Amino acid sequence: MNSNEPTAFTDATLSEVDAALQQSWEAFEVYRKKDLKARAQFLRTIAEEMKAQTDDLIRTARAETHLGEARLLVEWNRTLFQLTSYAAACEQGAWLDIRIDTADSQRNPPKPDLRKMLVPLGPVVVFGASNFPFAYSTAGGDTACALAAGCPVIIKAHAAHAGTSQKVAEAVQRAAKSCGLPEGIFLHLHGASFEVGKALVEHPLTRAIAFTGSFEGGKALFDLAGKRPLPIPVFAEMGSVNPVFLLPQKLQAEVDGIATMYFNSITQSVGQFCTNPGLIAGIDSPALDTFIDLLGAKIKGEKPQAMLHRGIAQHFRKNRAEALAQPGVELAGETAFPALENESIPTIATVAGALFLENPQLHKEVFGPYSLVIRCADRQELLQVARRLEGQLTASLLASDEEVEQYGPLVAALQELCGRLVFNGVPTGVEVALSMHHGGPFPATTDSRFTAVGPDGIKRFARPLCYQGWPSHLLPCELRDENPLGLWRTVNNELTKEGL
C-alpha cells in the first residue's frame, strides 16, 4: 500500500532563501506589534485548519514514515494540544517575565523608573525532525513557541516526510491569511542538501535556529551560527542515551515488573524516541542476571518493524554493529525473527562496568530499539559510570526510598547529568506542561537552560528589553501603569495583577 519513499521536491535556491528571509523580516515588523490575543488566535486558527485536514494528513504521513495510524494519531493530538495550550500561555503572558521598579526621586542618588519584559528576536528558522512529522516539525512545538513569542517562522522541511510538511505548511498559511497576517509570517522551504540549511543559518536576517536531530547535524548548525559576524542562538536537541540506574534492593523486589516496563520503553515506536533508554546500569547480582535474562527473552520475541525511513534504518544497523563489535560487549538478546533491509533488529547487550568506563564508543546513542546493560562491580563503579557520562535529556533512578538516602553521591551526580530526573519510571513520554523540562547539558542540547517542550519554550525566541524613564502612555501595553491586559507582573518585588 505504501512505498514509504519521501515525496520529491526541488531544493530551494540561494536566491529563494534570501527572498524568504527578506519577506520574513518585513512580516516581523508587522507581527511584533500584534498583541498577545492576536498571536494566540493565530495559533488556535492553525490548529483548526490542521484539524479540518486530519484524515488527509494522517494518510500522507503514513505513506512517508512507516508509522502506524495509532502512533500518528497520538502525535497528531499532541500537536494540536501544543498549539492550543501554547496559545493560552501566550495570552496569559507569564512568559514575558515582566519586572517593574518604580522611580524614587527622594533617594540619593534618585532611582529611575525601570520596566523590563521579553520581546521577540526576529525570524526563526525551524528544521523539521525526522522522527516526529507533526509534533517536532512544520507546525510543532518550536514553530508554536516562536509564533507565540512574536517571531515569524521559516521551515526547512525534512526530506523524509516532505509531502506531509508541505500540506501542514499550507494549513498554516491558510490560517495566516484568515487572521489577516502578512504572507511572510510563515514560509516553507524544501532542502535535502546541507547547502540550504547552511544558507538559512548564515543569512544576516535570521535571528534564531531550532533543530531536533542528530549530534552531527545540530553541532554543524551551532558552529555555523557561532561563526557569523552576528552570532545567533541555536536551540538544538541532539540526542541522548537516557541512562537508567537500577539499585539492588529495588531491583530484587520488583525484577519482573521492571524488566517488562523497560522492554516496553525500549521497543516503543521502534525505539525511535529521543528519550529511548539506551543504557541501563546496575550492580552485579543474581537480581541483575534475572533482569537481563527476562529482558533478553522479551526482546527475542519482539518482531522487527519498519523504521521511519531508509536512512534511519541504515544508521541503526551501522551503529548497532559497531557497538556490538566493541571489546567485552556480549549479546544478551536479539529478535528471533528475520529482519528486512529497512526494519529494526531489537537488541539487548551487556558489558562490564570497567570496560564501559574505558570505551567512549559505548557512550554513543544507537537510535532505535537497542539498549546496553552495564554490569558494575560495586556502588563506586556505578557512581563512576554516572560521573563519566556526557550530558543527557533524561536520567532514571530505580530505587527504594532507603536507597535514595544511601546513594546520595549517585543522586547528586545524576542531577548534574540531565535535564529531567525520573524516579521509578521510564523516560519515554514527554508531558506538555509548564513543569516539564525537555533539554539537558551538552551534548544533549546546545543550551540546557531552555526546554523544547512546554510553554516555557516560548522564552527561547525572546530577549529582555528594559525601558528606563519612559512615560506610561508611551510604553508597550504590557508595561503601562494601569496594566490593561491584566497580566501578572513583579512590581517593586511583589507579584501582582494590580495597576500602579
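**Exercise 1: Around H6**

Task: find what the buried residues of H6 pack against.

Solution: The buried residues of H6 pack against helix H2 (36-51), helix H3 (54-65), strand S4 (153-157) and strand S5 (186-190). Helices (H or I, at least four residues) and strands (E, at least two) are DSSP runs, numbered from the N terminus. Buried means under 20% relative accessible area with a 1.4 Å probe, protein chains only, and contact means heavy atoms within 4.5 Å. Among those buried residues are Val168, Val172 and Ala176. Just past the helix, Gly180 has a positive phi of about 70°.

A word on the source: this is a predicted model, where local features need pLDDT of at least 70, side-chain atom pairs count only at pLDDT 80 or more, and totals for chains, interfaces and linings use all residues. Residues are numbered from 1 along each chain as its sequence is written, and side-chain values use heavy atoms, leaving out hydrogens and water.

**Exercise 2: H3 and H6**

Task: work out how H3 and H6 are oriented to each other.

Solution: Start with the axes, lines fitted to C-alpha atoms over the stretch in contact, with angles from 0 to 180 degrees between N-to-C directions. Those of H3 and H6 come within 8 Å and cross at roughly 160°. The two helices are therefore roughly antiparallel (over 145 degrees). Next, look at who touches whom: H3 residues including Leu57 and Ala61 meet H6 residues including Lys167 and Val168. Sorted by class, this contact has four nonpolar, three polar and three charged residues.

Conventions. Buried means under 20% relative accessible area, exposed over 50%, partly exposed in between (1.4 Å probe, protein chains only). Angles under 35 degrees count as roughly parallel, over 145 as roughly antiparallel, 65 to 115 as roughly perpendicular and the rest as oblique. Ala, Val, Leu, Ile, Met, Phe, Trp, Tyr, Cys and Pro count as nonpolar, Asp, Glu, Lys and Arg as charged, and the others, Gly among them, as polar.
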